[in-house]
Amino acid sequence: MRIPAHSVCTAIRDDIVAGVYERGSRLTEELLARRYGVSRVPVREALRTLEAEGFVVTRRHAGACVAEPTEQEAADLLEMRMLLEPLGAARAAQRRTEAHLKVLRGLVRLGQERARRGNSEDLRSLGGWFHETLAQASGSPALTSTLAQLRHKIAWMYAVEAPADPVESWADHGGIVDAVARGDSDRARAITSLHTERATAAHRLRFPAGAGGAERPERVRTSQHPVNMPSLRH
């Protein structure tokens, strides 16, 4: 069965974000096809998509390589998120469905419960799910896609410290959902803006931005995706 290029793209992107492929390392079609158990055609398509997203660059005499973003490019991502997430919340207040509200309220209940218990690992995944759902509730596929790309790239470039007060953080989430449920765009935007500003302060660059070079030897750690990637065949 031919595995779609978007599934291969997701697998390569996830491994870049996880640090399986180091910044500046080469990404050859032959190596990737062998690692993921696919032909070179979907790999080629995936690399084009990842280049458009900014994860991959094509260098003369080297071909496709993992990008090496500068400190300014990394900072720009956080600024973009601070602008777009409040916009998404405001749009969600106007366009959300009852299904969106049900999921958001369920996530807030779980998040507030875990925050009281101090379960930080669960909180990280629940927070990601919350913001993904909030973006989807905006009713704008373009905005949802852009925010998803920002989250991937920010996770790649930054380590995030746990909130100093997770209970307060999840109280913000609850306030956002209440505003969205009431259709109060201004309130949803304001709370999300404050929440995003607090979250941004907890981000620390994972690497010395701009360091390294295209000629550095490729080093690949253990991938989270097994060869032949059976999970992609569903």
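Which side chain meets that of glutamate 29 in a salt bridge at 3.4 Å, N to O?

## Glutamate 29 and arginine 40

In this predicted model, the side chain of glutamate 29 meets that of arginine 40 in a salt bridge, with an N to O distance of 3.4 Å. The pair links distant parts of the chain, since glutamate 29 belongs to helix α2 (residues 29–36) and arginine 40 to helix α3 (residues 40–53), 11 residues apart.

The two partners can also be described by their accessibility: glutamate 29 has a relative accessible area of 18% and is therefore buried, the cut-off being under 20%, whereas arginine 40, at 44% relative accessibility, counts as partly exposed.

## Arginine 44 as a partner of glutamate 29

Glutamate 29 also forms a salt bridge with arginine 44, in which the closest N and O atoms are 3.1 Å apart. Because arginine 44 lies in helix α3 and glutamate 29 in helix α2, this pair ties together parts that are 15 residues apart in sequence. Arginine 44 counts as partly exposed, with a relative accessibility of 35%.

Elsewhere, the side chains of glutamate 113 and arginine 114 meet in a salt bridge whose N to O distance is 3.4 Å.

## Salt bridges in the whole structure

A search of the whole structure finds 12 salt bridges, among them the pair of glutamate 29 with arginine 40, the pair of glutamate 29 with arginine 44, and the pair of glutamate 113 with arginine 114.

Technical notes
Residues are numbered from 1 along each chain as its sequence is written. This is a predicted model: local features need pLDDT of at least 70, side-chain atom pairs count only at pLDDT 80 or more; totals for chains, interfaces and linings use all residues. Side-chain values use heavy atoms; hydrogens and water are left out. A salt bridge is a side-chain nitrogen of Lys or Arg within 4 Å of a carboxyl oxygen of Asp or Glu. Helices (H or I, at least four residues) and strands (E, at least two) are DSSP runs, numbered from the N terminus. Buried means under 20% relative accessible area, exposed over 50%, partly exposed in between (1.4 Å probe, protein chains only).
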